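Thanks for passing this one along. Here are a few notes to read beside the model.

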Amino acid sequence: MNVAIVGASGAVGQELLKVLAERHFPVTELRLFGSSRSAGTAYCFCGKEVKVELLEHGDAFKGIDIVFASAGASVSREYAEDITRHGAILIDNSSAFRMDTDVPLVVPEVNAADALCRPRNIIANPNCTTIQMVVALQAIERLSHIRRVHVSTYQAASGAGAQAMAELEGQYRQVLAGEEPTVQKFAYQLAFNLIPQIDVFTDNGYTKEEMKMYNETRKIMHSDIEVSATCVRVPSLRAHSEAVWVETERPVSVEEAKQAFATSEGCVLMDNPAEKEYPMPLFLSGKDEVFIGRVRSDLSNPNGLSFWCVSDQIRKGAALNAVQIAEKIISC
């Protein structure tokens, strides 16, 4: 396959290079595209040096089979026609097309078949928090239909990009040195703090990030499921965590749920409270799966379950999910 990455110098673009190489994706030719700031930068892929080309309008994507885009919604919207004009499939990691009715929104463990119907040759990669949650939810959905979900997310600095990670590290050093911390990527100082806001607020009091979880979950799962989310930025570097409460149509026992998590694609059960074994972002950064623990019955609802899950949002929440979509396409 002839493959291109738009936004190659960003955190997700760099992870895409790693994932493509690690999974031995069949790349015949690789081309990298970026802004004027990154054009000319060279990266190593499978022992070969590949230079970043300047992203411009025109026919640069002629002959390309699959394009992974991770340069932001505005860039994706501007260049989508250039990318798909000659038949390339655009797998887009931004929010630009996620809720368009003629663009499939795909998590392969949940709705892989949707990727095969793409009227505009565009497939959208969901929001990172949605991806890890629906992988876990699908395990329960197979047992009993999920009526509603309440979720609180604990999102690492890396969800805001490589510069955000650097800012958090710098803030810790500055605070410990008695200096005023630099605040640019976040609304407030994140070091030694929690910020109960990710993205802008909407008219209903929820943030756009929280509404993404509501809308995207329903589209991916083809479900009437109700989702209420609270998204919080936390001072960890990488991998998001979520506390999830689900209500099913029939009672699902803890034993049933654990078995489902242990055997479902993309899930790893890590649940041994007696030995203090449960998922934590410190130890799961760089891993591919969604790790699930603290599975228990909801004391307030006989049809309720609670669980905790952790996943690396740069990998499964972005780069890996995009590559898995491409793998599903070429396997059909």
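1. Let me start with H222, which is exposed, with a relative accessible area of 58% (exposed means over 50%, buried under 20%, and partly exposed in between, with a 1.4 Å probe and protein chains only). H222 is found in the loop between helix 6 and strand 9 (226-233); helices (H or I, at least four residues) and strands (E, at least two) are DSSP runs, numbered from the N terminus. Although H222 is not a glycine, its phi is positive, about 50°. Most residues other than glycine have a negative phi.

2. A word on the basis of these notes: this is a predicted model, in which local features need pLDDT of at least 70 and side-chain atom pairs count only at pLDDT 80 or more, while totals for chains, interfaces and linings use all residues. Residues are numbered from 1 along each chain as its sequence is written, and side-chain values use heavy atoms, with hydrogens and water left out.

3. D199 also has a positive phi, about 75°, and is not a glycine. Look for D199 in the loop between helix 5 (162-176) and helix 6 (208-221). D199 counts as partly exposed, because its relative accessibility is 31%.

4. The largest nonpolar core has 55 residues (a nonpolar core is a set of buried Ala, Val, Leu, Ile, Met, Phe, Trp, Tyr and Cys residues joined through side-chain atoms within 4.5 Å). Among those with the most contacts inside this core are F61, L137, V149 and F261. Helix 4 (residues 128-141) gives the most to this core, with 8 residues. A second, separate core of 30 residues includes V12, L17, L20 and I89.

5. How do helix 4 and helix 7 (residues 254-263) pack? Their angle is about 125° and their axes are 9 Å apart (axes are lines fitted to C-alpha atoms, for helices over the stretch in contact, and angles run from 0 to 180 degrees between N-to-C directions). The two helices are therefore oblique to each other (under 35 degrees counts as roughly parallel, over 145 as roughly antiparallel, 65 to 115 as roughly perpendicular and the rest as oblique). A136, A139 and I140 in helix 4 meet A257, A260 and F261 in helix 7, where contact means heavy atoms within 4.5 Å.

6. Helix 4 also packs with helix 9 (residues 315-331), at an angle of about 85° and with axes 8 Å apart. That makes helix 4 roughly perpendicular to helix 9. Here C128, I131 and V135 in helix 4 meet K316, G317 and N321 in helix 9.
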